[in-house]
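Hi,

Here is the structure I promised to pass on.

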Amino acid sequence: MTRDDSVIRALTWNVHGCVGRDGVYDPERVARVLEAEQPDIAALQEIDARTARAVAPDLFSYFGNLFSGWTWVAAHTIVAKDGHYGHLVMSRWPVESLGTEELTVGRFEPRAAIFGTVRSPRADIVVMSVHLGLWFFERRRQYRRLRARLNAISARPMVALGDFNDFPGRGMAERNLCPPFQPVPPLATYPSRLPLLPLDRIWYTEPLELVSSATLRDAGRVSDHLPILASFRLA
């Protein structure tokens, strides 16, 4: 199949440590969803290598090398003797790490944002991937740090993906990301059995133009979050 490089397919998904709604640990189910959708850029949250079985002794490498020739960058927010926990960005085009941004607040769960440049055939795309905190005041501090980092980035286009643990009405994401970002219309992703909250979001800047966006309802058994897939045209 010939791919149109002017169309960028971006996916974000909190995979819940590869444990589905049925309580079964199965990285291969997550992999099958990714293989079926063939995104160009994917951000996966809650990669938990501490619970890995023989099928995937290192989940970061397992997903990062899922597709031949893909590249990936990761943030290990929890480092343990039996494996690591965090999130990653993978791309079918070369991705160059721009480092992470420390987002840990006090004694709450360690957090970090991933920044990278995806070198697509049409243009370089700056990607930001996050998994923000559960508490309002925690996210408020995290957005301040993200805002400072974003203010230092002049490159365009940009895409932001992740589990923001926020939803419209609170307005925190909109106030801190717009501008420069525009939001993909919110889609309910959590809980996957009966989605009510749009905790997972995708944002973008010009010259990207939104073509379509949707949740992948068929993946509802695989995690407690639904994945979002958005397509953009690069003007």
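Let's start with contacts, meaning heavy atoms within 4.5 Å. In the protein chain, of those between residues at least 6 apart in sequence, 68% join residues at least 24 apart.

Before you dig in, some bookkeeping. This is a predicted model, where local features need pLDDT of at least 70 and side-chain atom pairs count only at pLDDT 80 or more, while totals for chains, interfaces and linings use all residues. Numbering runs from 1 along each chain as its sequence is written, and side-chain values use heavy atoms, with hydrogens and water left out.

**Overall picture**

The protein chain has four helices and 12 strands; these are DSSP runs numbered from the N terminus, with helices being H or I of at least four residues and strands E of at least two. Its radius of gyration is 16 Å, close to the 18 Å from the globule rule for 235 residues, so the chain is as compact as a globular protein of that length. (The radius is taken over C-alpha atoms, and the rule is 2.2 Å times the number of residues to the power 0.38.) Along the principal axes, the C-alpha atoms fill a box of roughly 50 × 45 × 35 Å.

Of the 235 residues, 53% are buried. Here buried means under 20% relative accessible area, exposed over 50%, and partly exposed in between, using a 1.4 Å probe and protein chains only. The accessible surface of the protein chain is about 10,300 Å², and carbon and sulfur atoms account for 52% of that; the areas come from the Shrake-Rupley method with a 1.4 Å probe, and for residues only the protein chains shown count as cover.

Most residues other than glycine have a negative phi, and most peptide bonds are trans. So which spots are worth a click?

- The peptide bond from Pro 179 to Pro 180 is cis, with omega near 10 degrees. Pro 180 sits in the loop between helix 4 (172-177) and strand 9 (182-183).
- The bond from Glu 206 to Pro 207 is also cis, again with omega near 10 degrees. Pro 207 is in the loop between strand 10 (200-204) and strand 11 (208-215).
- Cys 18 has a positive phi, near 65 degrees. You'll find Cys 18 in the loop between strand 1 (7-14) and helix 1 (27-37), and it counts as buried because its relative accessibility is 1%.
- Gln 38 has a positive phi too, of about 50 degrees. Gln 38 lies in the loop between helix 1 and strand 2 (41-48) and is partly exposed at 29% relative accessibility.

**Salt bridges**

The whole structure has 10 salt bridges, each being a side-chain nitrogen of Lys or Arg within 4 Å of a carboxyl oxygen of Asp or Glu. Arg 9 pairs with Glu 37, with the closest N and O atoms 3.8 Å apart. That pair links distant parts of the chain, since Arg 9 is in strand 1 and Glu 37 in helix 1, 28 residues apart. Glu 37 is partly exposed, at 25% relative accessibility.

Asp 26 and Arg 29 also form a salt bridge (3.8 Å, N to O), and both residues are buried.

Arg 119 and Asp 124 meet at 2.4 Å, N to O. Arg 119 is partly exposed at 35%, as is Asp 124 at 36%.

Cheers
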